[in-house]
2 protein chains.
Amino acid sequence: MSEQDRPSSVPGDALARFHAVIPAGGVGTRLWPLSRAATPKFLHDLTGSGHTLIRATYDRLAPLAPGRVMVVTGQAHRDAVVSQLPEVDESDVVIETEPKDSGAAIGLAAAILHLRNPETIMGSFAADHAISPDSLFRDVVREAVHTAATGRIVTIGIKPTYPSTGFGYIQLGEPLTVEGAPHALTVRTFVEKPSEEVATEYVASGEYCWNAGMFVAPTSLMLHHLERAQPELYAGLTEIARAWDTPDRDAVVARVWPGLPKIAIDYAVAEPAAAAGDVAVVPADFRWDDVGDFAAIGRLNPAGSGVTVLGEHARVVTDNATGVVVTGTNRLIALIGVQDIVVVDTPDALLVTTADNAQAVKKTVEQLKASGAEDVL
Amino acid sequence: MSEQDRPSSVPGDALARFHAVIPAGGVGTRLWPLSRAATPKFLHDLTGSGHTLIRATYDRLAPLAPGRVMVVTGQAHRDAVVSQLPEVDESDVVIETEPKDSGAAIGLAAAILHLRNPETIMGSFAADHAISPDSLFRDVVREAVHTAATGRIVTIGIKPTYPSTGFGYIQLGEPLTVEGAPHALTVRTFVEKPSEEVATEYVASGEYCWNAGMFVAPTSLMLHHLERAQPELYAGLTEIARAWDTPDRDAVVARVWPGLPKIAIDYAVAEPAAAAGDVAVVPADFRWDDVGDFAAIGRLNPAGSGVTVLGEHARVVTDNATGVVVTGTNRLIALIGVQDIVVVDTPDALLVTTADNAQAVKKTVEQLKASGAEDVL
């Protein structure tokens, strides 16, 4: 939208209109055999906090949006999610009856919230990331909400700690002047996952943040861009949203959802919004980890010079060993003379690798899938 | 004995008097958690032959001593041993009602066999070593029997393949002239486990063999030295032996065995015999391994550049991995980017180490014992 059309933010008001949405999808293949189809990453405690990642995400958001947290998840995980988040009303548990990518999942949340209140500012935060401290996170989200209230889709930028080739990058632009959001900036460009060389330049320049996929935006602006970029998806989601808080919900979902196009929210909304100059960024100082593989488990659970152990019933003995053990059984595990080792012990599958090879786990899981070993996936 | 007293060997006759004794003891601590109190090393197939080590030992000896194989084992393993060796008569299964070291175990076998036939030549061969090929082994044992028939305790010397510090060494002496035993030699000295430096000298010199603990001897000569060196042990064993083939066996064992002194056969018999000049050696060319640790499993089951897998129900997938997997469960095991790894997967305990650390397993088992973790030992 043009700058003169942009509403000015009224800080208190914007925060009261904020709804949090937690998309809880993704198996976390690189965390196999801990994380798998039946028990995906967000249902595990991977930080040693005593809470699953989805519960920690909820607890991080609830003070910002008390009673205003929506979750989107797959049919298979409905019961587990409800059990983790008993405070969330049944009408705020959005079930993907079949996987349709993030465009449909987050778009439906936007459409439902928008119909309930067209002034809604929504924020989308993955269920399976590790963030600390929560207070810094909430400071950043508040700035993002105030910035979103000026009619922008606001990404949260993570200050890069190493030249990752696994994340997209956001090139920071000029400061905005938004009340309650002193750190908000325009976005110069979004960059897809770069090469290591390019990533190294980005990090050295200080001009780039990681794109962690977290954003805050008015539902009206989300749907505006969605309607123009993906009219078919928009129409379907609107039809479901109209039936959502009625007895027709299940029937309409069953009729409409299966035909929705599969597209990522980035392509359906974020790119058109960026092209229109409707995006902003709030750089964040909190510690963030997407817990993408077992090397992350080691980073998030430092054991000093020894072995990090995750698991309630763990019985682990070590002699001259370092690394990570994640145990889902009550077996005794002895590690002798192995360094940076990763051992993941589950009742039907055992992984032995090293932190350096953590990314390669995905390849093995794909091979298992190709070979028909569905029982352990 | 003096050389003029020494009987001359009559080849055919000596072989007909040969009885094999298989002491089946020893947990094999370095092979934990595969080998443990309830299922010691000799009850496992560690060479991929399809047979347990004790069965392979029996099959190797039976052609030399058909119907003349005796086994000595602990009370706890009686049923397993009988099940492995159904051909062995009940009167040839000698049970140690409590552990009394090899002096009592092998000494009792000698005493029983001697009472049945004072002309017996016995050979003692551990139940848990790996030997191949059997034909070469039998050639060597035949030479040892002929040499023993001349009134000697004959050790079988293993040509060393590396400067082991884990075995004793035999310094070879002069050739003997025994019919049917062209390779028999006198023994210059027995040496306890040497330092690596000394072991390297021994191997380079070509004058030394490993002492694998295998020997062949007339029972009369065994008991002669036992009586002189350990009169109390000799008396007790003789008392049990007299009752062995009578209805009094169990009662006498129960009364006498618990009071027997604990001493190794080397001290009870071999050293006094060596001092008397009554020992000889037949150097052997067969491949021998005491299967002392998991590094041995790798040597005995070469996998080329990949991963050796032992276990009936093994489901193992690998990516850039080398080493050994021994599995006692039907879990899927994935090894990614780990080299020379040793993974031993049992229902209640998991070991992850490397071949280089194979000897350190014993230390961990001792720590587990000290910490009261008897359930996994």
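In which hand, left or right, does α8(A) pass α9(A)? I looked that up first, and α8(A) passes α9(A) in a left-handed crossing. The word left-handed applies if the near helix is turned anticlockwise from the far one by less than a right angle, and right-handed if clockwise.

**Ground rules**

I am reading a predicted model, where local features need pLDDT of at least 70, side-chain atom pairs count only at pLDDT 80 or more, and totals for chains, interfaces and linings use all residues. Residues are numbered from 1 along each chain as its sequence is written, chains are lettered from A and ligands numbered from 1 in the order in which they are written, and side-chain values use heavy atoms, with hydrogens and water left out.

**Chain A, α8 and α9**

I found that the axes of α8 (residues 231-244) and α9 (residues 249-256) of chain A come within 8 Å and cross at roughly 165 degrees. That makes α8(A) roughly antiparallel to α9(A). For my labels, angles under 35 degrees are roughly parallel, over 145 roughly antiparallel, 65 to 115 roughly perpendicular, and the rest oblique. Axes are lines fitted to C-alpha atoms, for helices over the stretch in contact, with angles from 0 to 180 degrees between N-to-C directions. Helices (H or I, at least four residues) and strands (E, at least two) are DSSP runs, numbered from the N terminus.

I then listed who meets whom (heavy atoms within 4.5 Å). From α8(A), G236(A), E239(A), I240(A), A243(A) and W244(A) meet R249(A), V252(A), V253(A), R255(A) and V256(A) of α9(A). This contact has 6 nonpolar, 1 polar and 3 charged residues. Here Ala, Val, Leu, Ile, Met, Phe, Trp, Tyr, Cys and Pro count as nonpolar, Asp, Glu, Lys and Arg as charged, and the others, Gly among them, as polar.

**Chain B, around α7**

I turned to α4 (residues 101-116) and α7 (residues 219-229) of chain B, whose axes come within 9 Å and cross at roughly 125 degrees. The two helices, α4(B) and α7(B), are therefore oblique to each other. Their crossing is left-handed. On the α4(B) side I noted I106(B), G107(B), A110(B), A111(B), L113(B) and H114(B), which meet T219(B), S220(B), M222(B) and L223(B) in α7(B). That contact divides into 6 nonpolar, 4 polar and no charged residues.

I also checked α7(B) against α10 (residues 265-275) of chain B: they pack at about 105 degrees, with axes 9 Å apart. Thus α7(B) and α10(B) are roughly perpendicular to each other. M222(B), H225(B), L226(B) and A229(B) in α7(B) meet I265(B), A268(B), V269(B), P272(B) and A273(B) in α10(B). I counted 8 nonpolar, 1 polar and no charged residues there.

Which peptide bond of chain A is cis? I found the one from S132(A) to P133(A), with omega near -10 degrees. P133(A) lies in the loop between β5 (130-132) and α5 (134-148) of chain A. In chain B, a cis peptide bond joins S132(B) and P133(B), with omega about -10 degrees. I also noted D101(B), in helix α4 of chain B, which has a positive phi of about 70 degrees although it is not a glycine.

**The cavity**

I found 1 cavity of 30 Å³ or more. Its lining includes T57(A), R60(A), F125(A) and M214(A), and the lining residues divide into 5 nonpolar, 2 polar and 1 charged. A cavity is a set of points, on a 1 Å grid over the protein atoms alone, where a 1.4 Å probe fits but cannot get out; lining residues have an atom within 4 Å of a point.

Definitions and conventions:
1 Å grid on protein atoms, 1.4 Å probe; cavity = no way out; pocket = protein on both sides within 12 Å on 5 of 7 lines; lining within 4 Å. Points joined across faces, edges and corners; volume = space filled by probe spheres on them.
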